[in-house]
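Thanks for coming, everyone. Please have a look at the chain on the screen, and then we'll walk through a few of its residues.

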Amino acid sequence: MTEVDSLRVKMICAVTFAPAVPPDEVIEDLEAAFGLIERKSEVIDFNHTNYYADEMGDGLKKFLVSFERPLSADNLWLAKRTTIDIESIYAAENKRKVNLDPGYVEPSKLVLASTKNFSHRIYLNGGIYAEVTLIYSGGRFNKMPWTYPDYLEPSFIEFLELVRVDCKSLSK
């Protein structure tokens, strides 16, 4: 087998957090792990589902960040493992108060990492799976049948469009 150069992509991370968590501290922890943040989306109310309510409570907020330093796509599983460690910093009574979902943008798609297996997810390594969450086609990001509705928020799509442009500069 010959070694192939890894795909360089723009890492993003979705940050869902409880009201008691200072988002600036989470950003500091993410920067310590992955380098400086290049872009940050608008903060939205996380009200498309109550999936995290039992664990994290009510009044959740969410935003996306991207990082200056490119990610090697084959290291997505390591990024997810790192974010799991960061989540544990903010846990109380064995319940998370922050949910971090790393992923990456490349010109044709948004890929997110998960610890949960499902029919549309591909196993990476270390108990981590990947899914194509949005595809870029026809000049815009398009949802998949499993795309979470918060990723379709106009401010998140706008953010991802900007990160996609940033990513295109990686190949130059």
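Let's start with Thr16. Thr16 touches Phe46, Met56, Leu60, Lys61, Lys62, Lys97, Val98 and Asn99, leaving out residues up to four places away in sequence. Touching, or contact, means heavy atoms within 4.5 Å. Where is Thr16 placed? Thr16 is in strand β1, residues 8-17. Helices (H or I, at least four residues) and strands (E, at least two) are DSSP runs, numbered from the N terminus. Is Thr16 buried or exposed? Thr16 counts as buried, at 0% relative accessibility. Buried means under 20% relative accessible area, exposed means over 50%, and partly exposed is in between, with a 1.4 Å probe and protein chains only.

A quick word on the source. This is a predicted model, where local features need pLDDT of at least 70 and side-chain atom pairs count only at pLDDT 80 or more, while totals for chains, interfaces and linings use all residues. Residues are numbered from 1 along each chain as its sequence is written, and side-chain values use heavy atoms, with hydrogens and water left out.

Next, two helices. Helix α1 covers residues 23-34 and helix α3 covers residues 76-89. Their axes come within 11 Å and cross at roughly 145 degrees. Axes here are lines fitted to C-alpha atoms, for helices over the stretch in contact, and angles run from 0 to 180 degrees between N-to-C directions. Which residues make the contact? From α1 come Asp29, Leu30, Ala33 and Phe34. From α3 come Ala79, Thr82, Thr83, Ile86 and Ile89. By class, the contact of α1 with α3 has six nonpolar, two polar and one charged residues. Ala, Val, Leu, Ile, Met, Phe, Trp, Tyr, Cys and Pro count as nonpolar, Asp, Glu, Lys and Arg as charged, and the others, Gly among them, as polar.

Stay with Ala79 in helix α3. Ala79 counts as buried, at 3% relative accessibility. Ala79 touches Met11, Phe34 and Pro102, again not counting residues up to four places away in sequence. Ala79 and Pro102 are 23 residues apart along the chain, yet their C-alpha atoms are separated by 6.6 Å.

Past α3 comes a loop. Glu93 lies in the loop between α3 and β6 (98-106), and Asn94 is found in that loop too. Phi of Glu93 is near 55 degrees, and phi of Asn94 is near 60 degrees. Most residues other than glycine have a negative phi. Glu93 is exposed, with a relative accessible area of 76%. Asn94 is exposed as well, at 83%.

Now the rings. How many aromatic pairs are there? The count comes to six. Rings of Phe, Tyr and Trp (its six-membered ring) pair if their centres lie within 6.5 Å; planes under 30 degrees apart count as stacked, over 60 as edge-to-face and the rest as tilted. Tyr123 and Tyr129 form an edge-to-face pair, 5.2 Å centre to centre, with 70 degrees between the planes. Tyr123 is partly exposed at 46%, whereas Tyr129 is buried at 16%. Ring pairs also link Phe46, Tyr51 and Tyr52 into a cluster.

Last, charges over rings. The charged end of Lys40 sits over the ring of Phe63, 4.6 Å from its centre. The charged end of Arg164 sits over the ring of Tyr136, 3.4 Å from its centre. The rule is NZ of Lys or CZ of Arg within 6 Å of the ring centre and within 35 degrees of the ring normal.
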